[in-house]
Amino acid sequence: MKVAVVGATGLVGSVMLKVLEERNFPVTELIPVASEKSVGKEVLFKGQMVKVVSVQEALAKKPHLAIFSAGASVSKMLAPQFAKIGCKVVDNSSAWRMDPDIKLVIPEVNGDVLTIGDMIIANPNCSTIQMLVALNPLHQEYGIKRIVVSTYQSITGTGVKAVTQMENERAGVEGPMVYPHPIDKNCIPQCDVFLDNRYTKEEVKLIVETHKILGDKTIAVTPTAVRVPVVGGHSESITVELKKSATLDDITKILSFAPGVVVLDNPAKNEYPMARMAEGKDSVFVGRIRPDLFVQNCFSMWVVADNLRKGAATNAIQIAELLLAKNWI
Ligand code: 2RA
């Protein structure tokens, strides 16, 4: 299968190449696509150096599948061009997520919404993916009334320039700032820009994407998105209030069997998920599971995942694997 990776030289794009290889996705020809300034560079794939090509060259090769991680404006402009030549697109940007005609998919949660006619499919935001992989089984069993979530987001979610800012600050070196404040030895309660409602774009994604993916706008979501000087993955403190009664055993059991989830929860041994242990893995790790001490049928948990893998590249490739299984690509 001819597979284009648009944004192949970026942080997520390079992880996409790695995951395609690791999962033995049946790529017969890789078509790495990047901006004009990167055309001619080479990327390593399956032990071979493959030349980065322009969009026009990629379209001319007529790929069967194009996986995008090139930003919303590029996706808005280019995804329809690939779809027009019959190429299925899985897009990791925010460009199509809230389009009513475009499916927003987490395979473990709502993979069954896909149809043969879907030509552009949106990959949800990383912080939404890990939250809903953990919460969907509880929603299916008990119904969710309210979610209060605080995220502790890796700087890799912003990209290479953010990692450089942190490293420069750590080394005491002046350099370009991608954040409005220093990130080293700091927590910045702002991911992306503020909107008129005093929430950030990142926080609103947790609300609107949850409503779209679970198909339930009655779920109250109260998000706070924080940037932290971590590189391995995003961590989330989640409190979920359920509509029906449940016990701690019920919750722990359901999570233990939930697709894509690994429960790591042993306070007596100081065992719980952390970004450093999630890095490079595809599971969503859940721990610190505990009942609320004041509110009935309300539970808190700590949810950690590698934001570049399950939060982006792996989820996109799992969507492609669903299409492959249906012979739709
Ligand atoms: C972030 N989720 O972490 C956003 C985009 N990757 O910055």
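I looked up α5 and helix α7 (residues 201-214) first: the axes come within 10 Å and cross at roughly 40 degrees. Axes here are lines fitted to C-alpha atoms, for helices over the stretch in contact, with angles from 0 to 180 degrees between N-to-C directions. Helices are DSSP runs of H or I with at least four residues, numbered from the N terminus. The crossing of α5 past α7 is right-handed, that is, the near helix is turned clockwise from the far one by less than a right angle.

On the α5 side, I listed S127, T128, M131, L132, N136 and H139 in the contact, and on the α7 side E202, K205, L206, E209, T210, I213 and L214; contact means heavy atoms within 4.5 Å. I sorted these residues into five nonpolar, five polar and three charged. For the classes, Ala, Val, Leu, Ile, Met, Phe, Trp, Tyr, Cys and Pro count as nonpolar, Asp, Glu, Lys and Arg as charged, and the others, Gly among them, as polar.

Note on the source: this is a predicted model, in which local features need pLDDT of at least 70 and side-chain atom pairs count only at pLDDT 80 or more, while totals for chains, interfaces and linings use all residues. Residues are numbered from 1 along each chain as its sequence is written, and side-chain values use heavy atoms, with hydrogens and water left out.

Next I took α5 against α8. The axes of helix α5 (residues 126-142) and helix α8 (residues 248-256) come within 9 Å and cross at roughly 125 degrees, so I put this pair down as oblique too. α5 passes α8 in a right-handed crossing. A134, P137, L138, E141 and Y142 of α5 meet D250, I251, I254 and L255 of α8. I found seven nonpolar, no polar and two charged residues in this contact.

I then checked the ligand. Around the ligand I listed N125, C126, Q153, G157, T158, E202, R227 and H234, each with a heavy atom within 4 Å of the ligand. For R227, a polar side-chain atom lies 2.6 Å from a ligand oxygen atom. In the side chain of H234, an N or O atom is 3.3 Å from an oxygen atom of the ligand.

Key
Helix = DSSP H or I, 4+ residues; strand = E, 2+ residues; numbered from the N terminus. Parallel < 35°, antiparallel > 145°, perpendicular 65-115°, else oblique. Polar contact = N/O pair within 3.5 Å; in protein donor to acceptor, adjacent residues only side chain to side chain.
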